[in-house]
Amino acid sequence: MAPSSPLEADEIGMRLAIDQARNALLAGEVPVGAVIVRSTDAGMQVVATGYNRPVTTHDPTAHAEIVALRHAATLLENYRLPGCTLYVTLEPCAMCAMALMHARFERVVFGAWDPKTGAAGSVVDLFAEDRLNHHTAVRGGVLAGDCGQLLRDFFAERRARQRALRAAADTLPTARDGADDDAPIPTGEVIEGDLFPPDDPVDR
């Protein structure tokens, strides 16, 4: 059944993106998902999907939007994707925003706002920059509660895991310097600082 309104179509697209975000969660990545669709005579067609995978692929550019964009461009054999809409669960960063405009997307629809790195109005608004040669329509806040909850749950679980590891490290016997038998090596700081990124930024 075709969506009865643009709002309903956007919610359908965002729910597909949320499914992709759950794939990122299963992979241990920050749960952000993206879906690219285009309108056809038969209705809305999914062209490509993607989810966050910079950690698992060792690729700092592998944000959900870029992963989906690469798939779509390959499948359609065109680096320009006019007439396409991208749904993503988190406001795009500057890198993703510029890639989407270079690809000539018609629309970008996102869920949760990103006050740390958002480039669609939260920190900067690249989509509204008049000096750029292409302008993409943007709509934010679609199913923002559902999209944001995935991120909040992820970071809450990660903080709990960090606390548990920190507590476990505090109970381990410490190596001692022969010159000063009472000086423990500060293993807790090493575990927290070297193995885990900061908690608060949405660093994907």
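Predicted model: local features only at pLDDT ≥ 70, side-chain atom pairs only at ≥ 80, totals over all residues.
Asp10 lies in helix H1, which spans residues 6-26. Its relative accessible area is 3%, and Asp10 is therefore classed as buried, the limit for that class being under 20%.

Aromatic pairing was examined across the whole structure, and two pairs were found. One of them joins Phe110 and Trp113, whose ring centres are 4.8 Å apart. The planes of these two rings meet at 90 degrees, so the pair is edge-to-face, since planes over 60 degrees apart fall in that category. The two partners may also be described by their accessibility: Phe110 is buried, with a relative accessibility of 0%, whereas Trp113 is partly exposed, with a relative accessible area of 44%.

The pair formed by Phe154 and Phe155 has ring centres separated by 5.1 Å. Here the planes stand at 85 degrees, and this arrangement is therefore edge-to-face as well. Phe154 and Phe155 are both buried.

An aromatic ring is also involved in an arrangement with a charged side chain. The ring of Tyr51 has the charged end of Arg53 over it, at 4.4 Å from the ring centre.

Note on methods. Residues numbered from 1 in each chain as written. Heavy atoms only, no water. Helix = DSSP H or I, 4+ residues; strand = E, 2+ residues; numbered from the N terminus. Buried < 20%, exposed > 50% of the residue type's maximum accessible area, 1.4 Å probe, protein only. Phe/Tyr/Trp six-rings, centres within 6.5 Å; stacked < 30°, edge-to-face > 60°. Lys NZ or Arg CZ within 6 Å of the ring centre and 35° of its normal.
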